[in-house]
Amino acid sequence: MPRKSKEEEAARLFELTAHEREIWSRGFIAAGADEVGRGPLAGPVVAACVILPDEPLIEYINDSKKLTEKRREALSKAIAQQATACGLGWVDEKIIDEINILNATRRAFEKAFQEASETKKPDVLLVDAVKGLNIDVRQEILVHGDMLSYLIAAASIVAKTARDEYMMKMDELYPEYGFKRNKGYGTAEHIQAIKRFGPCAIHRKTFITKFV
């Protein structure tokens with residue numbers, strides 16, 4: 001795929017910041033929040049909440065799923081350097097099994113928001129798809145928000161990079177499941193490993209009942 005020109009990238013970012021610019025234009029502080037890890041059979045769900053200034057915009061921020069691992073890692077570092085606030089919320093597999101994945105995802109969002117708010121509290125939180133968060137600022141829910149919002153996309157990058165790093169470490173502890181490759185998702189290789197070895201300590205018991 002050919003690299004976008006500076007003009008094309010600037011136009012893409014202008015479109016991606018439509019929601020943010022409407023908030024910024026009123027003098028309000030916007031944050032974006034997204035999660036990663038709702039679907040895997042193992043490991044935590046992780047949410048990030050990010051506040052970035054309205055300029056300069058960070059080139060190539062996009063839905064984390066559309067980026068290479070190398071690009072995500074570089075962007076995650078750039079976001080960390082430029083962010084005026086950034087929080088991560090982790091909810092592990094035991095809590096997921098206890099309260100279900102939707103409630104665990106909400107809890108991860110709330111933890112990420114609270115951590116970011118300790119540095120700077122936003123006036124508006126742009127959230128990818130999840131409703132019903134117990135936080136005390138206005139929420140704007142955007143379905144497929146990581147494709148529609150600069151700040152949500154930034155949060156998706158931070159969350160995915162953090163979770164992927166964690167799952168790489170888990171691969172060292174439990175190499176038989178291929179976590180380095182699958183990050184806990186239910187690939188054929190991973191499912192076969194569960195059937196062969198049984199679950200490990202970070203598997204979500206409620207997610208693997210059909211395999212064990």
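Student: How many aromatic pairs does a search of the whole structure find?
Tutor: First, a word on the source: this is a predicted model, where local features need pLDDT of at least 70, side-chain atom pairs count only at pLDDT 80 or more, and totals for chains, interfaces and linings use all residues. Residues are numbered from 1 along each chain as its sequence is written, and side-chain values use heavy atoms, with hydrogens and water left out. Rings of Phe, Tyr and Trp (its six-membered ring) pair if their centres lie within 6.5 Å; planes under 30 degrees apart are stacked, over 60 edge-to-face, and the rest tilted. With that rule, the search of the whole structure gives three aromatic pairs.

Student: Which kind of pair do Trp 90 and Tyr 166 make?
Tutor: Their ring centres are 5.7 Å apart. The planes meet at 65 degrees, so the pair is edge-to-face.

Student: How many residues apart in sequence are the parts that this pair ties together?
Tutor: Helices (H or I, at least four residues) and strands (E, at least two) are DSSP runs, numbered from the N terminus. Trp 90 sits in strand β3 (residues 85-91) and Tyr 166 in helix α7, so the parts tied together are apart in sequence by 76 residues.

Student: Are Trp 90 and Tyr 166 buried or exposed, or something in between?
Tutor: Buried means under 20% relative accessible area, exposed means over 50%, and partly exposed is in between (1.4 Å probe, protein chains only). Trp 90 has 32% and Tyr 166 has 25%. That makes Trp 90 partly exposed, and Tyr 166 is likewise partly exposed.

Student: What about Tyr 177 and Phe 179: which kind of pair are they?
Tutor: The centres of these two rings lie 5.6 Å apart. Their planes are at 20 degrees, so this pair is stacked.

Student: Which residues form one aromatic cluster?
Tutor: Tyr 177 is buried at 2% relative accessibility, and Phe 179 is buried at 0%. Both belong to the cluster, whose members are Tyr 177, Phe 179 and Phe 197.

Student: Which residue's charged end sits over the ring of Tyr 60?
Tutor: A charge sits over a ring if NZ of Lys or CZ of Arg is within 6 Å of the ring centre and within 35 degrees of the ring normal. Arg 204 does this over the face of Phe 207, at 5.0 Å from the ring centre. For Tyr 60, the charged end is 4.4 Å from the ring centre, and the residue is Arg 71.

Student: How many disulfides are there?
Tutor: A disulfide is a pair of cysteine sulfur atoms within 2.5 Å. Cys 49, buried at 1% relative accessibility, is in no disulfide, and the nearest cysteine sulfur, that of Cys 86, is 7.9 Å away. By this rule the total is zero.

Student: Which peptide bond is cis, with omega near -10 degrees?
Tutor: Most residues other than glycine have a negative phi, and most peptide bonds are trans. Pro 56 is in the loop between β2 (45-51) and α3 (69-82). The cis bond runs from Glu 55 to Pro 56.

Student: And what is the positive phi of Asn 100?
Tutor: Asn 100 is in the loop between α4 (93-99) and α5 (101-117). With 39% relative accessibility, Asn 100 counts as partly exposed. Though not a glycine, Asn 100 has a phi of about 80 degrees.

Student: Where is His 144?
Tutor: His 144 also isn't glycine, and its phi is positive, near 55 degrees. Its place is the loop between β5 (138-142) and α6 (145-148).

Student: Which element gives the largest share of the lining of the second largest pocket?
Tutor: A pocket, on a 1 Å grid over the protein atoms alone, is an open set of points where a 1.4 Å probe fits, with protein on both sides within 12 Å along at least five of seven lines; lining residues have an atom within 4 Å of a point. Here the lining has 13 residues, with Glu 35, Val 36, Gly 37, Lys 65 and Asp 146 nearest the centre. Two elements give two or more residues to it, β1 (30-36) and α7 (150-173). The largest share, three residues, comes from β1.
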